[in-house]
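Thanks for taking a look at this one with me.

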Amino acid sequence: MARMTLFSRRAVLSSASVTLLGCTVKSAPTTGRDVSLVLPAQPTSDGAGVRLNRALGHRSLSTLDPFLLLDEFHTENPNDYLAGFPEHPHRGFETVTYMIHGAMEHRDVLGNQGRLGPGSAQWMTAGHGIIHSEMPKQERGLMWGFQLWVNLPKARKLIAPRYQDIAAARIPEVEVDGARVRIVAGSTFGAKGPVDGIDIEPVFLDVALKKGSRVVQPVPAGHTTFAFVTEGTARFGTSRREVSKGSLVILEKGTSVELTGEGEGGRVLFLAGRPFNEPIARAGPFVMNTEAELQQAFDDYRSGRLLL
Ligand code: MN
């Protein structure tokens, strides 16, 4: 916890008023969010020995409701990734894979299969249960991507599994003040990301900022909002806090976040989602609400009932 830096700043409020038919109508105030916490990712390994940087889901920050985990894999050494993630189960939440460079293959035991190439995404709703493998489809060269875990609400943890496999070309890209914004999920700057029907009403953006480019990203007021700097340096929030590659940035409550490029520019994964405020019981590949449900998941997996 010693490496945590905690900031508490008052949000800056602004509001606009318009005159309509002689009445003055005050529009809803917009509130720019400031940074509440910056936390470096922690090196770890998972799967059959894949080297990762864990930005969320570690000892210092186990959960950021509704988000449960964020891993970055970024290495040119095949020994760091070749072992992959052989067959394993999931229940009670969603896994999101986003590739920047390299290729992964996904297969589940029911025969569903998909290939993730550069710039593609997969939003997998495990729901009641899936058993799958996620393996590299390359033997050399740079492998760079992310896996995000997203919770499901209590009432929908056991829904039927669903895959949204999204080719790179389906992800819209807009230019804002010299910045390039890829929209995986959510609607912003006149474009809509391809992911649909997700409980947390997600915003998932990949933002490449040039030096000086400024993006003011609207966010639903109640959403948990955070970012991870994937390249270079960027400034965040009303205080324009400078954050470099490899750190997670949590934003305070508010309706927008300002991102600015710094130095040689920066690249940022930007995420927002509706929190559930429900109890979480998690262990390994299962995320439920109670210890009994967790035990049930392990029992179901052992007895071959996870998929029923
Ligand atoms: Mn998995």
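Helices (H or I, at least four residues) and strands (E, at least two) are DSSP runs, numbered from the N terminus. This is a predicted model: local features need pLDDT of at least 70 and side-chain atom pairs count only at pLDDT 80 or more, while totals for chains, interfaces and linings use all residues. Residue numbers start from 1 along each chain as its sequence is written.

1. Asp 65 and Pro 66 are joined by a cis peptide bond, with omega at about 10 degrees. You will find Pro 66 in the loop between strand E8 (50-56) and E9.

2. Next, follow E9 into its sheet. Strand E9 (residues 67-75) and strand E16 (residues 143-151) run antiparallel and are joined by 8 bridges. Two strands are said to pair if DSSP finds at least two bridges between them.

3. Now the sheet as a whole. It is an open sheet of 7 strands in the order E7-E8-E9-E16-E11-E14-E17, with antiparallel pairing. At its edges lie strand E7 (42-46) and strand E17 (162-166), each of which pairs on one side only.

4. Which residues have the most contacts inside the largest nonpolar core? They are Val 184, Val 207, Ala 227, Val 249, Val 268 and Leu 271, in a core of 70 residues. Strand E27 (residues 256-273) gives the most to this core, with 7 residues. A nonpolar core is a set of buried Ala, Val, Leu, Ile, Met, Phe, Trp, Tyr and Cys residues joined through C-beta atoms within 7 Å. Buried means 20 or more other C-beta atoms within 10 Å of a residue's own, exposed means 12 or fewer, and partly exposed is in between, with C-beta atoms placed from the backbone.

5. A second, separate core has 5 residues, among them Val 50, Phe 73, Tyr 81 and Met 143.

6. Finally, two loop residues deserve a glance. Arg 240 is not a glycine, yet has a positive phi of about 50 degrees; its place is in the loop between strand E24 (224-236) and strand E25 (241-244). Arg 240 counts as partly exposed because it has 15 C-beta neighbours inside 10 Å. Asn 277, also a residue other than glycine, has a positive phi near 55 degrees and is found in the loop between E27 and strand E28 (281-283). Why does Asn 277 count as exposed? Because Asn 277 has 8 C-beta neighbours inside 10 Å.
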